[in-house]
Amino acid sequence: MADSKDVDTLSTELENRLDDLFGENNLAPAEATDDGTATHYPLAELKNLILSIDWEITDDVLEKFLQQIKDLKLTYKHDKVVLTFLQILNSLGDYIKTNRAKSHPKTFKILNSVFSNLDKVVLSRDMPEAAKKKILRIEMNRYKKLRAQISQGKSEVQPKPKAKPVAAAPPEVATVVPDEPLTLTEPSVQPAETVLSEEPVIDPTQQPDTVIAHTPSVETLAEAVAEIKKYIHDEISALRREIEALRNQ
Amino acid sequence: MAFVNLKNKEIQVKIVYYGPGRGGKTSNLEYVYKKFAKRINTEMVTVKTHGDRTLFFDFLPFDIGLINGYDVKIQLYTVPGQVKYNATRRLVLRGVDGIVFVADAMAVRREKNILSLKNLQENLAVYKKSIFRIPFVMQYNKMDLKEQGIPLLPLPTLEKDLNSQLKIPSFAASAVLGTNVVATLKKIISLTVASIKKDLK
């Protein structure tokens, strides 16, 4: 190599060798990437956005993600299973949008897992409905488990959780942020900053009335009512003082 | 400098595919591997995360046979594109002989491409290598997305952003479809082998 051979000779020899190796002649048919499915793959953009979220969480990506889900919901409005998958992704997207990097670490794993199975369901047109529901049930359970873990995290962080007047809403969950204790002591006037879902996810594999929402206990409800009463009482007292002050002017 | 074994008359050439995350570096190697597996008779090593991202690197070695009496072995590597894995990128660049920069032609990735190219320059500097002197090929990937209505950067813009100073060979490509994947590979191998020969003189 180090002798006085001309560079052109080397180049020619190399070019010929590379042509032999990478020429298009006598090649086996190209593999899956060339079959055209990519062009018509309905979840392509969603997949791209999920991978983008995995890489970096930005407003732009999350907005596109939620918009994409909205579009797909219209496309699949007659497919309950797909719709539920999309609803779970929607909820996870909302949760990530609110909590960003503070989201529960398992959220991203579940996001990928839900998408992966949605992908399977959408692409396997011959899959029986029962099989689809079975897959959905697995993802639904993972999602529920995550919600429970987030709720649990909240209760661990708040030593004496105050009952909140939102019992019927999806569970409020707090992210464990030891260096930001102030966010944990804010009263319920804060908008649902750590809520996973704006609307309940309906599992078509179950009875409609057995879905996710955590049913509050009687004690919790009683505490919530007592707290509401206190808020109203305090507010009315404050108003009376205001009116009294105005009369005295 | 490539690993050269004068006794066995063997040269190992290390080529690294560099670029921003999700730009298509792994897809380039996968295309080569899937399409030419029988000819190059090798295995591709890849380590991915659950989200299909390159965690450490991909590695595709193959032998191109005797050139000027030397057995030339090519080693293709990719680096993880995610910003947080810079130490891995730097490590993979150690002993690099040639580079393919896989830029993402999507309009939204414009800044990421530029940052990644700057990052490459910095990481090469660690090994006292100049981005202007190393065998280098530019690839503008994801050209196929235009048909799906996804906004792409025009080629002149990509050239201006990334290649106005370097002035290196560049290819508009689609790694998933295979467009110009081989052309890019052939060009970087040619440039790198020629450079090694020059250094050996």
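**View 1. Residues of helices H2 and H3 of chain B meet in this predicted model.** From H2(B) come B:Asn86, B:Arg89, B:Arg90 and B:Leu93. H3(B) supplies B:Asn119, B:Asn123, B:Leu124 and B:Val126. The residues of this contact divide into three nonpolar, three polar and two charged.

**View 2. The axes of H2(B) and H3(B) pack at an angle of about 55°.** H2 covers residues 86-93 of chain B, and H3 covers residues 110-126 of chain B. Their axes are 9 Å apart. The two helices are therefore oblique to each other. The crossing of H2(B) past H3(B) is right-handed.

**View 3. B:Arg39 sits in helix H1 of chain B.** This helix spans residues 25-40. Is B:Arg39 buried, exposed or partly exposed? B:Arg39 counts as partly exposed because it has 15 C-beta neighbours inside 10 Å. A buried residue would need 20 or more, and an exposed one 12 or fewer. B:Ile64 is 25 residues away from B:Arg39 along the chain.

**View 4. Chain A has nine helices and zero strands.** From the N terminus on, its elements run α-α-α-α-α-α-α-α-α. The chain has 249 residues, and buried residues make up 24% of them.

**View 5. Helices H5 and H8 mark the two ends of the confidence range among the elements of chain A.** Helix H5 (residues 80-99) of chain A has the highest mean pLDDT, 90. Helix H8 (residues 182-185) of chain A has the lowest, 25. Over residues 160-195 of chain A, the pLDDT is below 50. Beyond near neighbours in sequence, this stretch has 59 contacts in the model.

**View 6. Residues 207-216 of chain A also hold a pLDDT under 50.** For this stretch, the model has 16 contacts beyond four places in sequence.

Notes:
Residues are numbered from 1 along each chain as its sequence is written. Chains are lettered from A and ligands numbered from 1 in the order in which they are written. This is a predicted model: local features need pLDDT of at least 70, side-chain atom pairs count only at pLDDT 80 or more; totals for chains, interfaces and linings use all residues. Axes are lines fitted to C-alpha atoms, for helices over the stretch in contact, and angles run from 0 to 180 degrees between N-to-C directions. Helices (H or I, at least four residues) and strands (E, at least two) are DSSP runs, numbered from the N terminus. Angles under 35 degrees count as roughly parallel, over 145 as roughly antiparallel, 65 to 115 as roughly perpendicular and the rest as oblique. A crossing is left-handed if the near helix is turned anticlockwise from the far one by less than a right angle, and right-handed if clockwise. Two residues are in contact if their C-beta atoms, placed from the backbone, lie within 7 Å. Ala, Val, Leu, Ile, Met, Phe, Trp, Tyr, Cys and Pro count as nonpolar, Asp, Glu, Lys and Arg as charged, and the others, Gly among them, as polar. pLDDT is the predictor's confidence in each residue, from 0 to 100.
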